[in-house]
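Here is a short report on one protein chain. Keep the sequence and the 3D view open as you read.

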Amino acid sequence: MDRGSPVPLYYQLAQQLEAAIERGGLAPGSLLGNEIELAARLGLSRPTVRQAIQSLVDKGLLVRRRGVGTQVVHSQVRRPLELSSLYDDLESAGQRPATRLLSHTVEEATAQVAAALGVEEGTEVVHIERLRLAHGEPVAHLRNHLPSGLLDLDGDVLAETGLYRLMRTAGITLHSARQTIGARAATPQEAELLGEPAGAPLLTMERTTFDDTGRAVEFGSHLYRASRYSFDFQLLAR
């Protein structure tokens with residue numbers, strides 16, 4: 001802790017704890033101990049420690065449990081804005097991804113799906129709906145539409161790995177994507193599925209992915225828990 005810094009001590013402590021959670025040094029389920037013990041061990045005042053812990057409780061990284069103490073819940077997923085799959089990003093971050101397959105059907109393309117995939121409205125397309133989890137907790141509700149016949153998809157395989165990994169294994173070269181990010185409140189049904197209260201903020205993402213021939217190979221429409229997920233990107237000055 002840098003006591004000569006203009007940055008408040010509680011904020012410095014909160015940043016260090018958050019970094020330890022994100023690196024996996026403080027794994028989900030770990031106990032921090034009570035505030036008195038932490039304050040004595042770190043040489044800080046109890047109000048300073050309490051304020052640092054409360055800031056991480058407010059972020060959803062820690063939870064106070066009666067009779068247990070302050071416990072690490074999870075780290076927030078921070079995903080770079082690049083052409084990668086959520087499964088691969090979670091796996092590389094040590095987040096232990098898992099998938100619950102909700103639906104795998106063939107349906108007629110709506111106007112929106114048809115425009116994204118470059119097919120006629122009413123054309124048969126493959127629709128996949130999944131719930132993506134990290135450390136056993138829901139992170140995202142994923143809905144993908146693919147041209148019919150693009151991939152031979154098996155439900156068991158879809159539950160074990162990411163869609164982009166399956167595409168690459170099948171020899172499809174992913175080249176570029178057009179993506180839109182937004183936000184809105186969760187409906188009661190979405191909130192229940194994602195483990196959030198009704199009306200909780202959700203991040204939205206729509207992405208059309210193209211292969212190296214310019215063919216649209218996937219249209220995704222996804223929902224992410226804002227409490228567990230954020231997009232990271234770098235801006236360059238012109």
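A salt bridge is a side-chain nitrogen of Lys or Arg within 4 Å of a carboxyl oxygen of Asp or Glu. The model examined here is predicted, so local features need pLDDT of at least 70 and side-chain atom pairs count only at pLDDT 80 or more, while totals for chains, interfaces and linings use all residues. Residues are numbered from 1 along each chain as its sequence is written, and side-chain values use heavy atoms, with hydrogens and water left out.

## Salt bridges

How many salt bridges does a search of the whole structure find? The search finds 6.

| Pair | N to O distance |
|---|---|
| E196 and R225 | 2.8 Å |
| R215 and D211 | 3.0 Å |
| R50 and E35 | 3.3 Å |

Start with E196, which forms a salt bridge with R225. This pair links distant parts of the chain, 29 residues apart. E196 sits in the loop between helix 8 (188–194) and strand 8 (201–211), and R225 belongs to strand 9 (residues 216–225). Helices (H or I, at least four residues) and strands (E, at least two) are DSSP runs, numbered from the N terminus.

Are E196 and R225 buried or exposed? Both are buried. Buried means under 20% relative accessible area, exposed means over 50%, and partly exposed lies in between (1.4 Å probe, protein chains only).

R215 is partly exposed, at 41% relative accessibility. D211 has a relative accessible area of 5%, so it is buried.

Now take R50 and E35, which also form a salt bridge. Here too the pair links distant parts of the chain, with R50 in helix 3 (residues 46–59) and E35 in helix 2 (residues 35–42), 15 residues apart. R50 counts as partly exposed because its relative accessible area is 36%. E35 counts as buried, at 11% relative accessibility. Salt bridges also link E35, R46 and R50 in a network.

## Helix 3

Look along helix 3. This helix has 14 residues and spans 20 Å from its first C-alpha to its last. That is close to the 20 Å expected at 1.5 Å a residue. The expected span is 1.5 Å times one less than the number of residues.

Which residues of helix 3 are buried? Among them are T48, V49, A52, I53 and L56. These residues cover an arc of only 125° around the axis, which puts them on the same side of helix 3. The arc is that of the directions from the helix axis to the C-beta atoms.

## The sheet

Next comes the open sheet, which is formed by 6 strands in the order 4-5-6-9-8-7. The pairing is antiparallel. Two strands pair if DSSP finds at least two bridges between them. Strand 4 (97–108) and strand 7 (174–185) are the edge strands, and each pairs on one side only. Strand 7 pairs with strand 8 over 11 bridges, in the antiparallel sense. S176 stands opposite F210 in strand 8.

## An aromatic pair

The structure holds 1 aromatic pair. The ring centres of Y10 and Y11 are 6.4 Å apart and the planes are at 80°, so the pair is edge-to-face. Rings of Phe, Tyr and Trp (its six-membered ring) pair if their centres lie within 6.5 Å; planes under 30 degrees apart count as stacked, over 60 as edge-to-face and the rest as tilted. Y10 is partly exposed, with a relative accessible area of 25%. Y11 is partly exposed as well, at 42%.
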